[in-house]
Amino acid sequence: MPKVKIYVTLRDGILDVQGKMIHRALGSLGYENVDEVKVGKYLQLEFEDDADIDQKIKKMCEQLLTNPVIEDYTYEVE
Amino acid sequence: MKAGVVIFPGSNCETDTYDALNYLGFNTEYIWHRDSSLHKVDLVILPGGFSYGDYLRCGAVARFSEIMEEISRFADSGGLVIGICNGFQILLEAGLLPGAMLHNKSLKFICQTVNLRVENNTLPFTNQCGAGEILRIPINHYEGNYFIDDEGLKELEDNSQVVLRYVDENGEATADAAPNGALANIAGLTNKSGNVFGLMPHPERAVEEILGSVDGAKLFLSAKISKEAVS
């Protein structure tokens, strides 16, 4: 049973306010060597088989799992 | 004029909207999200709330409701549609309006009355407003930070699709005047043909003096007058 891990983040150039806030919080805790923090979503899907799996994942991401206006995604199949 | 208020699981402003419309003389009824007909209404309203718990993204699941297919057809044929707050988010997710919503810049849920400048008063939703008139209407949301890419913004501005902008007490669209950080202070916009209107403020909460403002009534009454002028 292939397991699919999908990572969704805001597209480059879109202000990630949660990431910024966490970056500041880390700074105030003394972690000053962090350049940037991005907050995203993690989705884990278990498929019955791997038939057309890439095509299916892409379609799901475009249709429902992400909003292409503001989000990018990457995925891994295990 | 017949208006329909669509109820999704998690909508919570449908009764306020229904009452406001009836108060303003509409013949109003509810439409269930699993209905396949719009009951021959002249105006469809998608009310505020938290459809499907705002899971995944606000409006992302509601857009696949059975009734949304009918609403798309209705909109394509020129029918009047208003999406308020979560209803606006659903219209964005459905692609009936361009752009998307991000978290408020402050990362705070904002509940306050704001000043809105009417940017286009020639629409079926604003014909009862003066050009540049300032409306006082409450907002109540966590994700109202409107975003669209540069090209999309230019198109919106070129076609006068921006209907309402957050402004300060002097009527200026300063950066601070948009409490949620919305791009170009956009609080409400229409599609290209001007028959689908989405807005973050809640006009149904500003229809009677006792509510503190009657400015929201102008948006609904505009739709009523525009429809009556046609029929």
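## Reading the model together

A: Gladly, and let's start with a strand: β9 (residues 162–167) of chain B is mostly covered, with 6 of its 6 residues buried. Please keep in mind throughout that this is a predicted model.

Q: Which strand is joined to β9(B) by 4 bridges, and in what sense do they run?

A: A general idea for strands comes first: in a regular strand the side chains alternate between the two faces of the sheet. Here, strand β6 (residues 110–118) of chain B is joined to β9(B) by 4 bridges, and the two run antiparallel. To find this pairing on screen, look for Leu116(B), whose bridge partner in β9(B) is Tyr166(B).

Q: And how many bridges pair β9(B) with β10(B)?

A: There are 3 bridges, and β9(B) and β10(B) also pair in the antiparallel sense.

Q: Let's turn to charges. How many salt bridges does a search of the whole structure find?

A: The general idea is that side chains of opposite charge can pair when their charged atoms come close. Over all chains, the search finds 14 salt bridges. One of interest joins the side chains of Asp12(A) and Lys38(A), at 2.8 Å from N to O. Asp12(A) sits in the loop between β1 (3–10) and α1 (17–28) of chain A, and Lys38(A) in the loop between α1 and β2 of that chain, so this pair ties together parts that are 26 residues apart in sequence.

Q: What about chain B: where do Lys227(B) and Asp42(B) lie?

A: The side chains of Lys227(B) and Asp42(B) meet in a salt bridge of 3.7 Å, N to O. Lys227(B) belongs to helix α5 (residues 215–230) of chain B, while Asp42(B) lies in the loop between β2 (27–32) and β3 (43–46) of chain B, so the contact ties together parts that are 185 residues apart in sequence. With a relative accessibility of 27%, Lys227(B) counts as partly exposed, and Asp42(B), at 23%, counts as partly exposed too.

Q: Which side chain does Lys192(B) meet in a salt bridge?

A: Its partner is Glu155(B), at 3.2 Å from N to O. Lys192(B) is in the loop between β10 (186–190) and β11 (196–199) of chain B and Glu155(B) in helix α4 (residues 150–158) of chain B, so the parts tied together are 37 residues apart in sequence. Lys192(B) counts as exposed at 58% relative accessibility, whereas Glu155(B) is partly exposed at 39%. Elsewhere, salt bridges that share partners join Lys41(A), Glu71(A), Arg57(B) and Glu93(B) into one network.

Q: Which residues form a negative surface patch?

A: Glu48(A), Asp49(A), Asp50(A) and Asp52(A) form it. Asp50(A) is placed in the loop between β2 (40–46) and α2 (53–65) of chain A, and it counts as exposed because its relative accessibility is 55%. Glu48(A) can also be located from Lys3(A): their C-alpha atoms are separated by 9.1 Å, though the two are 45 residues apart along the chain. Lys3(A) itself is found in strand β1 of chain A.

Q: Which residues make a nonpolar surface patch?

A: Leu64(A), Val61(B) and Phe64(B) make one of about 210 Å². Leu64(A) is in helix α2 of chain A and is partly exposed, with a relative accessible area of 30%.

Terms used:
Residues are numbered from 1 along each chain as its sequence is written. Chains are lettered from A and ligands numbered from 1 in the order in which they are written. This is a predicted model: local features need pLDDT of at least 70, side-chain atom pairs count only at pLDDT 80 or more; totals for chains, interfaces and linings use all residues. Side-chain values use heavy atoms; hydrogens and water are left out. Patches are made of residues with over 30% relative accessible area and no salt bridge: like charges are joined within 9 Å, nonpolar side chains (Val, Leu, Ile, Met, Phe, Trp, Tyr) within 5 Å. Accessible areas come from the Shrake-Rupley method with a 1.4 Å probe; for residues, only the protein chains shown count as cover. A salt bridge is a side-chain nitrogen of Lys or Arg within 4 Å of a carboxyl oxygen of Asp or Glu. Lys and Arg count as positive and Asp and Glu as negative; His and the chain ends are not counted. The place of a charge is taken as NZ of Lys, CZ of Arg, CG of Asp or CD of Glu. Buried means under 20% relative accessible area, exposed over 50%, partly exposed in between (1.4 Å probe, protein chains only). Two strands pair if DSSP finds at least two bridges between them.
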